[in-house]
Amino acid sequence: MLAAEAEAGLGDPAAWRPLADRTLRLPDALRDALAGLGDGVRVAGYGAPSRGTTLLNLCGLTASELPRTADRSPAKQGRFLPGAGTRVCAPEELAADPPDVVLVLVWPLREEVLAQLADLRARGTRFLFPLPTLELVP
């Protein structure tokens, strides 16, 4: 593995510059995307993984911008995301009180999330995927 990394040039800090640049642009891009949704647009999250909490904290997003996020794990429901203060609820809450936009905090599971929340999507909820490229899916 070390040989493969050396061959790829990963020991050179310059190899990591594009990733660092993209990471530094993400907070502004995500905040701008949320602000650009307009006044009165209700946003909720989906998922409560550590990577999602890290993203929210990197971007300075709090419960003011994301008051709730749904997670299928009963162990996480009724709790709050560290730093952000976002409340974790059951996915059924999103079905009962649908948001206009869902910020997907489990972006590697894109197709699974879209399938799980197909009813919301059919009702007009849009999905904001922050990574690998910021994308709002109708």
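## The β5–β6 hairpin

Five residues link β5 to β6 in a hairpin. The two strands pair in the antiparallel sense over three bridges, with β6 covering residues 135–137; strands count as paired if DSSP finds at least two bridges between them. Within this pairing, Phe127 has Val137 in β6 as its bridge partner.

On its other pairing, β5 runs parallel to β4, joined by three bridges. Here Val101 stands opposite Arg126 in β5.

## What you're looking at

This is a predicted model, where local features need pLDDT of at least 70, side-chain atom pairs count only at pLDDT 80 or more, and totals for chains, interfaces and linings use all residues. Residues are numbered from 1 along each chain as its sequence is written, and side-chain values use heavy atoms, leaving out hydrogens and water.

The protein has six helices and six strands, which are DSSP runs numbered from the N terminus (helices: H or I, at least four residues; strands: E, at least two). Read from the N terminus, the order goes α-α-β-α-β-β-α-β-α-α-β-β. Along the principal axes, the C-alpha atoms fill a box of roughly 50 × 30 × 30 Å.

## The nonpolar core

Of the 138 residues, 36% are buried, meaning under 20% relative accessible area with a 1.4 Å probe, protein chains only. The largest nonpolar core has 35 residues, and Leu30, Tyr46, Leu56, Leu103 and Phe127 have the most contacts inside it. Such a core is a set of buried Ala, Val, Leu, Ile, Met, Phe, Trp, Tyr and Cys residues joined through side-chain atoms within 4.5 Å. Elements supplying at least two residues each include α2 (13–35), α3 (50–59) and β5 (126–129), while β4 gives the most, with four.

Phe127 turns up again here: leaving aside residues up to four places away in sequence, the residues it touches include Val102, Leu114, Leu120 and Leu136. Contact means heavy atoms within 4.5 Å.

## The largest pocket

How many residues line the largest pocket? There are 13, with Arg22, Thr23, Leu26, Leu131 and Pro132 nearest its centre. A pocket is an open set of points on a 1 Å grid over the protein atoms alone, with protein on both sides within 12 Å along at least five of seven lines; lining residues have an atom within 4 Å of a point. Its volume is about 210 Å³, taken as the space filled by probe spheres set on the points, which are joined across faces, edges and corners.

Helix α2 provides the largest share of the lining, six residues.

Terms used: Buried means under 20% relative accessible area, exposed over 50%, partly exposed in between (1.4 Å probe, protein chains only). On a 1 Å grid over the protein atoms alone, a cavity is a set of points where a 1.4 Å probe fits but cannot get out, and a pocket is an open set with protein on both sides within 12 Å along at least five of seven lines; lining residues have an atom within 4 Å of a point.
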